[in-house]
Amino acid sequence: MTGILYLCATPIGNLDDMTFRAVKILREVDLIAAEDTRHTRKLLTHFDIHTPLIRYDEFSKVQQGEKILQELLAGKNIACVSDAGLPAISDPGADLVKLAVNSNIKVCPIPGANAALSALICSGLSTEKFSFVGFLPKSKKNRDDILQKISEREETLIFYEAPHRILKTLEEFEKIFGDRNISIARELTKIHEEFLRGKISEVKNFLTEPKGEFVIVVEGYSGEKIFENPVEDFFEIYKKFLDTGIDKKTAIRETAKKLNLSRREIYNKIIEHEKNFGG
Ligand code: SAM
């Protein structure tokens with residue numbers, strides 16, 4: 001008989017969010033695979049759990065994954081936990097699940113706290129359909145590519161972001177998505193939990209010195225990208241390109257590139273602008 005791999009949620013701030021079942025399973029399993037053994041030991045001590053710990057993180061996952069798999073195959077039950085929330089969601093665990101699934105080992109969820117869904121349900125934005133984007137890559141080019149790709153998705157979008165990057169990220173969102181409604185969840189389940197809701201341009205102003213942990217929830221695409229100064233933005237830019245002596249088609253292409261919009265959108269806007277205000 002092979003063992004069971006449990007994916008066990010832990011609190012994202014408030015220890016009272018630990019579930020009875022999580023405590024029971026963590027007490028009963030043979031081994032706990034933890035992202036940070038020192039961090040998890042504090043949690044275990046709090047709940048009077050004395051199960052042995054083994055490291056399983058991004059750096060050790062290849063070697064440790066194989067070791068954990070052998071234990072599972074030998075019949076041991078193992079719980080995988082991350083520092084907070086659900087393992088395998090922007091945290092180690094997914095590769096371990098793949099290993100277990102490929103070896104026909106039973107994988108069992110122990111649900112509980114998760115930052116993305118907690119932020120979504122309090123956002124006031126549509127919860128009917130949503131995409132979890134998680135952390136964006138660090139390189140500007142890769143970030144822009146992803147944001148461009150998802151800029152016309154109609155469902156609500158959920159991002160994780162570090163405090164030192166959040167303002168820059170909101171600026172990128174504003175530039176690529178337009179001035180949409182967002183909800184920022186800060187320090188969920190902790191003493192200083194707060195939600196900042198409004199247009200991106202408004203919320204940015206509240207975040208002068210961002211501290212803590214953040215989830216950004218962004219309204220989906222509604223059919224047009226609204227910019228704070230739409231007329232000025234695109235038409236001024238378009239005119240400046242024309243002034244350099246290039247033809248209209250190239251000026252539209254360059255404007256679209258600069259504003260991260262499609263050529264069709266810029267073309268339509270220009271036609272409308274010229275109809276209303278002249279060339
Ligand atoms: N596995 C976790 C989960 O299920 O939510 C996510 C871990 S990921 C490494 C950490 C990121 O989740 C943080 O940078 C932040 O964006 C978000 N996060 C985690 N705890 C949070 C909290 N209490 N309040 C707001 N965001 C949180």
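Colleague: What should I know about the model before we start?

Modeller: This is a predicted model, in which local features need pLDDT of at least 70 and side-chain atom pairs count only at pLDDT 80 or more, whereas totals for chains, interfaces and linings use all residues. Residues are numbered from 1 along each chain as its sequence is written, and side-chain values use heavy atoms, with hydrogens and water left out.

Colleague: How do I read the order of strands in a sheet, and which strands stand at the edges of the sheet that contains S6?

Modeller: Helices (H or I, at least four residues) and strands (E, at least two) are DSSP runs numbered from the N terminus, and two strands pair if DSSP finds at least two bridges between them. Here, five strands make an open sheet in the order S6-S7-S10-S8-S9, and the pairing is mixed. S6 and strand S9 (194–199) are at the edges, each with a single partner strand, so one side of each is left without a neighbour in the sheet. From one strand to the next, the twist averages 20°; for such angles, axes are lines fitted to C-alpha atoms, for helices over the stretch in contact, and angles run from 0 to 180 degrees between N-to-C directions.

Colleague: In which sense do S6 and S7 pair, and how many bridges join S8 to S9?

Modeller: S6 and strand S7 (residues 156–161) are paired in the parallel sense over four bridges, and Phe130 stands opposite Thr156 in S7. S8 and S9, by contrast, run antiparallel and are joined by six bridges, with Ala185 opposite Phe195 in S9. S8 also runs antiparallel to S10, to which five bridges join it, and there Ile184 has Ile216 as its bridge partner.

Colleague: What is the order of strands in the other open sheet, S3 included?

Modeller: That open sheet has five strands in the order S3-S2-S4-S1-S5, with parallel pairing. Its edge strands, each pairing on one side only, are strand S3 (53–55) and strand S5 (106–110), and the twist averages 25° from one strand to the next. Strand S2 (residues 31–34) pairs with S3 in the parallel sense over three bridges, and Ala33 stands opposite Ile54 in S3. Helix H1 (residues 20–28) packs on this sheet, touching strand S1 (4–8), S2, strand S4 (78–81) and S5, and its direction makes about 140° with that of S5.

Colleague: How do I read the packing of two helices, and at what angle do the axes of H6 and H7 cross?

Modeller: Angles under 35 degrees count as roughly parallel, over 145 as roughly antiparallel, 65 to 115 as roughly perpendicular and the rest as oblique. Helix H6 (residues 140–150) lies across S6 and S7, while helix H7 (residues 166–177) lies across S7, strand S8 (181–186) and strand S10 (214–218). The axes of H6 and H7 come within 10 Å and cross at roughly 45°, and H6 and H7 are therefore oblique to each other. Residues in contact (heavy atoms within 4.5 Å) include Leu147 and Ile150 in H6, and Phe173 and Ile176 in H7.

Colleague: Which other helices pack at an angle, H3 being one of them?

Modeller: Helix H3 (residues 61–73) and helix H4 (residues 94–102) pack at an angle of about 40°, with their axes 10 Å apart, which makes H3 oblique to H4.

Colleague: Finally, how do I read accessibility: is Ser183 buried or exposed?

Modeller: Buried means under 20% relative accessible area, exposed over 50%, and partly exposed in between (1.4 Å probe, protein chains only). Ser183, which lies in strand S8, has 1% relative accessibility and therefore counts as buried. Five of the six residues of S8 are buried, so S8 is largely enclosed by the rest of the structure. Leaving aside neighbours within four places in sequence, Ser183 is in contact with residues including Ser123, Phe195 and Ile216.

Colleague: And where does Val133 lie?

Modeller: Val133 lies in strand S6 (residues 130–134), and because its relative accessibility is 24%, Val133 counts as partly exposed. Not counting residues up to four places away in sequence, Val133 touches Ile146, Ile150, Leu157, Ile158 and Phe159.
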